[in-house]
Amino acid sequence: MATISLNFDSLTLLSNLSTYPKSPFPQVRTPFISSSCRRISKPNSTISTMAHSHSTQNPVIEQQRMIIPNKHGEKLVGLLHETESKEIVILCHGFRSRKDYNTMTNLAAALEIEGISVFRFDFAGNGESEGSFQYGNYYREADDLHAVIQHFSGESHVVSAILGHSKGGNVVLLYASKYQDIRIVVNISGRYDLKRGIAERLGEDFMEIIKKDGHIDVKNKTGGIEYRVTEEALMDRLRTDMHEACLKIDKECRVLTVHGSADEIISVEDALEFAKVIPNHQLHIIEGANHGYTSHQTELASSIVKFIKSALEQDKVSSK
């Protein structure tokens, strides 16, 4: 059995939420245990609801903890920030992260304040959702996103935008390429070339080891196994071609890529590559921001909210 011990900031960044600064926006933690909660049973889903308010000046926002099955029958757990707007934005977390990751909660709160409903959820094998974690799974996670979008379609909402951070950025772009039914996409710090970044996690001789042993166990600083990378999962990542996928994104789909100039995990050069191939694309570089936007959460949220609101307004005008 091959084992690799890693000491890198990215794993700590995504697995230890306590290292992040407090959100500049109001937040509500889950699960809900208030007597004011109510549970609603729907076909193929479970919903818990709870009302809260940002302040005495703002309307009451209802949050619902929801369970939505994916096409494999695994339960995906998410939180709906209900503002009673028709539009809803779906948020997708990154590699070995979860819906409660600081950037996800901050963006949800920022969109809430603008009166836009939000749904953030855990991909299968992450957070509270069922399933086993896999190193690759890019298109499988795009299918998880499709299950979420299908759930909201035909109800009181229209999924108007999808947003993803890091690996989630790749997922929303792959979704736009495959399904072509969303007109607004936000890619935060996604990776353009998925062949990059592997040696930093698995070691320079990762291919030789995985061909020999069939898997690599990635350990944390204390020697505990964080996750296992199988040969199948590795090949899934290596076969995922972001260049080809981005060329298939509909030209009517508006895409925003946001990237930090000081990203220590994925180079800002990847953002420039996305800008070259995506047909209807805007690029926003945040100077000094790292991969987690540790000191730039407010600027990140502001740029994204501005883009989404502008795109929604343009869609309203064009539909008249």
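Colleague: What percentage of the 320 residues of the chain count as buried?

Modeller: Buried means under 20% relative accessible area, exposed over 50%, and partly exposed in between, using a 1.4 Å probe and protein chains only. Here 56% of the 320 residues count as buried. Before we go on: this is a predicted model, where local features need pLDDT of at least 70 and side-chain atom pairs count only at pLDDT 80 or more, while totals for chains, interfaces and linings use all residues. Residues are numbered from 1 along each chain as its sequence is written, and side-chain values use heavy atoms, with hydrogens and water left out.

Colleague: How many helices and strands does the chain have?

Modeller: Both are DSSP runs numbered from the N terminus: helices are H or I with at least four residues, strands are E with at least two. The chain has ten helices and 13 strands.

Colleague: How do I describe two helices that pack together, say H6 and H7?

Modeller: Two packed helices are described by the angle between their axes and the distance between the axes. Axes are lines fitted to C-alpha atoms, for helices over the stretch in contact, and angles run from 0 to 180 degrees between N-to-C directions. The axes of H6 (residues 206–213) and H7 (residues 231–239) come within 10 Å and cross at roughly 140°. Angles under 35 degrees count as roughly parallel, over 145 as roughly antiparallel, 65 to 115 as roughly perpendicular and the rest as oblique, and H6 and H7 are therefore oblique to each other.

Colleague: Which residues make that contact?

Modeller: Contact means heavy atoms within 4.5 Å. On H6 look at Phe206, Met207, Ile210 and Lys211, and on H7 at Glu231, Leu234, Met235 and Leu238.

Colleague: And how many salt bridges are there in the whole structure?

Modeller: A salt bridge is a side-chain nitrogen of Lys or Arg within 4 Å of a carboxyl oxygen of Asp or Glu. The search finds 19 of them. One joins glutamate 128 to arginine 65 at 2.6 Å, N to O. Glutamate 128 sits in the loop between S7 (117–121) and H3, and arginine 65 in S4 (residues 60–69), so this pair ties together parts 63 residues apart in sequence. Glutamate 128 is partly exposed, at 30% relative accessibility.

Colleague: Are aspartate 122 and lysine 99 buried or exposed?

Modeller: Both count as buried: aspartate 122 has 0% relative accessibility and lysine 99 has 1%. Their side chains meet in a salt bridge of 2.7 Å, N to O. Salt bridges that share partners join Arg65, Lys99, Asp122 and Glu128 into one network.

Colleague: What does the side chain of histidine 291 make polar contacts with?

Modeller: A polar contact is a pair of N or O atoms within 3.5 Å; within protein, one must be able to donate a hydrogen and the other to accept it, and residues adjacent in sequence count only if both atoms are side-chain atoms. Histidine 291 has such a contact of 2.8 Å with the side chain of serine 166, and another of 2.8 Å with that of aspartate 263. Histidine 291 lies in the loop between S13 (281–286) and H10 (297–319) and is buried, with a relative accessible area of 1%.
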